[in-house]
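Subject: That structure I promised you

Hi,

Here is the structure for you to look at.

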Amino acid sequence: MRILLVGAGGTIGKAIAAELATRHEIIAAGRQSGAVQLDLTDERSIVRALADLAPLDAVISAAGNVAFGPLEKLTSEQWEVGLRDKLMGQVNLARAAIPRLRDGGSITLTSGILSDTPIRHGASASLVNAGLEGFVRGAAIELPRGLRINAVSPTVLTESMPAIGAFFRGFESAPAARVALAYSRSVEGAETGKVYRVD
């Protein structure tokens with residue numbers, strides 16, 4: 001398969017590439033790195049990048065930024081970070097992928113554990129992650145040509161615990177390599193409209 005991997009330079013992205021590259025062609029994409037430059041906050045950038053790569057068998061997004069902070073202090077601009085980048089960026093990526101995927105192709109997006117298990121200072125992430133999961137379930141029943149769409153919802157990464165572990169007290173982390181298996185399940189499996197939770 002020809003797979004576009006957005007966010008290939010991140011911790012999860014690198015693990016996904018390591019998991020899938022032995023069996024498939026991975027096209028790495030990122031805002032400033034990879035074979036393809038693509039900015040999730042810019043719909044034209046997304047459309048342009050995918051037009052040059054079609055046809056594809058799968059599109060994976062392991063990218064998207066959100067702002068963290070106390071609920072009463074988050075500014076409108078900080079809320080917009082998650083809404084424009086992680087939420088609508090991935091929605092727009094999925095929309096742009098539909099006509100550029102071969103029949104039976106797949107789209108895999110990334111949400112996160114905060115959709116189900118909120119933490120202090122994480123209201124924006126909870127909103128965005130839950131919105132993505134709702135989009136996946138809704139889009140799955142409308143996709144044409146046997147296309148599939150799923151999301152992966154990982155817990156906090158083991159690799160990230162030194163930096164952000166204080167916000168995730170009591171959470172069990174998962175190594176990126178184990179999280180990557182869920183993306184393999186989405187791309188190489190047959191299900192659609194699923195949220196693969198990696199706790």
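Let's begin with a pair of helices: H3 passes H4 in a right-handed crossing. Before going further, keep in mind that this is a predicted model.

**H3 and H4**

H4 covers residues 123-140, and its axis runs 9 Å from that of H3, at an angle of about 15°. How are H3 and H4 oriented to each other? Angles under 35 degrees count as roughly parallel, and H3 and H4 are therefore roughly parallel to each other.

If you want to find the contact on screen, look on the H3 side for Trp-79, Gly-82, Leu-83, Lys-86, Leu-87, Gln-90, Val-91 and Ala-94. Their partners in H4 are Ala-123, Ser-124, Leu-127, Val-128, Asn-129, Gly-131, Leu-132 and Phe-135. Sorted by class, the contact of H3 with H4 holds 10 nonpolar residues, five polar ones and one charged one.

Two residues here deserve a click. One is Val-128, which sits in helix H4. Is Val-128 buried or exposed? Its relative accessibility is 0%, so Val-128 counts as buried. Leaving out neighbours within four places in sequence, Val-128 touches Val-66, Gly-82, Leu-83, Lys-86 and Leu-87.

Gln-90 counts as buried because its relative accessibility is 0%. With neighbours within four places in sequence set aside, the contacts of Gln-90 are Leu-40, Ser-61, Ala-63, Asp-85, Leu-109, Thr-110 and Leu-132.

**H2 and its two sides**

H3 (residues 76-97) also packs against helix H2 (residues 43-53): their axes come within 9 Å and cross at roughly 35°. This crossing of H2 and H3 is right-handed. From H2, the residues involved are Glu-43, Ile-46, Val-47 and Leu-50. From H3, they are Gly-89, Asn-92, Leu-93, Arg-95, Ala-96 and Ala-97. The contact of H2 with H3 has six nonpolar, two polar and two charged residues.

Which residues of H2 are buried? They are Ser-45, Ile-46, Ala-49, Leu-50 and Leu-53. Look down the axis of H2 and these buried residues fall within an arc of 120°, so they line one face of the helix. The spacing makes sense once you recall that an α-helix has 3.6 residues a turn, so residues three or four places apart point the same way. Arg-44, Arg-48 and Asp-52, on the other side of H2, are exposed.

What lies over the buried residues of H2? The cover includes H3 along with strands E1 (2-6), E2 (25-30), E3 (36-37) and E4 (56-61).

**H1 and H6**

Next, go to helix H1 (residues 11-20) and helix H6 (residues 176-188), whose axes are 8 Å apart and meet at an angle of about 60°. H1 and H6 are therefore oblique to each other, and their crossing is right-handed. H1 contributes Thr-11, Ile-12, Ala-15, Ile-16, Glu-19 and Leu-20 to the contact. H6 contributes Ala-176, Ala-177, Val-179, Ala-180, Leu-181, Tyr-183, Ser-184 and Glu-188. Of the residues in the contact of H1 with H6, 10 are nonpolar, two polar and two charged.

**A few backbone spots in the loops**

Finally, have a look at some loops. Between H2 and E4 there is a loop that holds Pro-55, and the peptide bond from Ala-54 to Pro-55 is cis, with omega near 0°.

His-121 is in the loop between strand E5 (101-110) and H4. It is not a glycine, yet His-121 has a positive phi of about 75°. Arg-145, in the loop between H4 and strand E6 (148-154), is not a glycine either and has a positive phi of about 55°. How buried or exposed are they? His-121 has 36% relative accessibility, so it counts as partly exposed. Arg-145 counts as partly exposed because its relative accessibility is 36%.

Key. Residues are numbered from 1 along each chain as its sequence is written. This is a predicted model: local features need pLDDT of at least 70, side-chain atom pairs count only at pLDDT 80 or more; totals for chains, interfaces and linings use all residues. Side-chain values use heavy atoms; hydrogens and water are left out. Axes are lines fitted to C-alpha atoms, for helices over the stretch in contact, and angles run from 0 to 180 degrees between N-to-C directions. Helices (H or I, at least four residues) and strands (E, at least two) are DSSP runs, numbered from the N terminus. Angles under 35 degrees count as roughly parallel, over 145 as roughly antiparallel, 65 to 115 as roughly perpendicular and the rest as oblique. A crossing is left-handed if the near helix is turned anticlockwise from the far one by less than a right angle, and right-handed if clockwise. Contact means heavy atoms within 4.5 Å. Ala, Val, Leu, Ile, Met, Phe, Trp, Tyr, Cys and Pro count as nonpolar, Asp, Glu, Lys and Arg as charged, and the others, Gly among them, as polar. Buried means under 20% relative accessible area, exposed over 50%, partly exposed in between (1.4 Å probe, protein chains only). The arc is that of the directions from the helix axis to the C-beta atoms.
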